[in-house]
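Work through the following exercises with the structure at hand, and try each task before you read its solution.

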Amino acid sequence: MTYNEIKTNYKWTVKKAPDVINLRDIDGRFITLTETRYTKRGGRWTETESTTELIPVEFYLNSVDAIPFFKNLGGREKLVLAYTQYGHIPVEIQSISPYGENKTVRRFTF
């Protein structure tokens, strides 16, 4: 993936985390995604399911770039950025359903 492809296809992501452009260097390699689902029991979140898989860079960029869409649907999205070997980029997405009953945490490991 080239610099211009990332810049035109993932405008929101590049605006929030400009260092995401550096991910073009890992083309062909995969990112580890750990997805954990929680349900609300009383006042606490309890883990119900956890999965780990390898994803391509395009899936990562699509996941991060979809955050404004899910916010418009009524859910709550929190983006956590951290310093990695590729710069200051998103490493975790926390999503809470519109009714506040389900929560999904996606952690990306590079």
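**Exercise 1.** Find out in which sense S1 and S2 pair, and over how many bridges.

Solution. In this predicted model, S1 and S2 are antiparallel partners, joined over 11 bridges; strands (E, at least two residues) and helices (H or I, at least four residues) are DSSP runs numbered from the N terminus, and two strands count as paired if DSSP finds at least two bridges between them. As a next step, look at Ile-31, whose bridge partner in S2 is Ile-55. Then turn to the hairpin of S1 and S2, where 2 residues stand between the strands and Gly-42 takes a positive phi near 70 degrees.

Before going on, note that residues are numbered from 1 along each chain as its sequence is written. The model is predicted, with local features needing pLDDT of at least 70 and side-chain atom pairs counting only at pLDDT 80 or more, while totals for chains, interfaces and linings use all residues, and side-chain values use heavy atoms, leaving out hydrogens and water.

**Exercise 2.** Place the strands in their order within the sheet, and name the edge strands.

Solution. The sheet is open and has 5 strands, in the order S2-S1-S5-S4-S3 with antiparallel pairing. Its edge strands are S2 (44-55) and S3 (76-84), each of which pairs on one side only. From one strand to the next, the twist averages 20 degrees. Inside this order, S1 and S5 pair over 8 bridges in the antiparallel sense, and Arg-37 stands opposite Thr-104 in S5. Strand S4 (residues 87-96) is joined to strand S5 (residues 102-109) by 5 bridges, again antiparallel, and here Ile-93 stands opposite Arg-106 in S5.

**Exercise 3.** Determine which strands helix H3 touches, and what angle its direction makes with that of S4.

Solution. Helix H3 (residues 57-65) packs on the sheet and touches strand S1 (31-41), S2, S3, S4 and S5, where contact means heavy atoms within 4.5 Å. The direction of H3 makes about 60 degrees with that of S4; axes are lines fitted to C-alpha atoms, for helices over the stretch in contact, and angles run from 0 to 180 degrees between N-to-C directions.

**Exercise 4.** List the elements of the protein from the N terminus on.

Solution. Begin with the count, which is 4 helices and 5 strands. Read from the N terminus on, these elements run α-α-β-β-α-α-β-β-β. To finish, consider the extent of the protein, whose C-alpha atoms fill a box of roughly 45 × 30 × 20 Å, taken along the principal axes.
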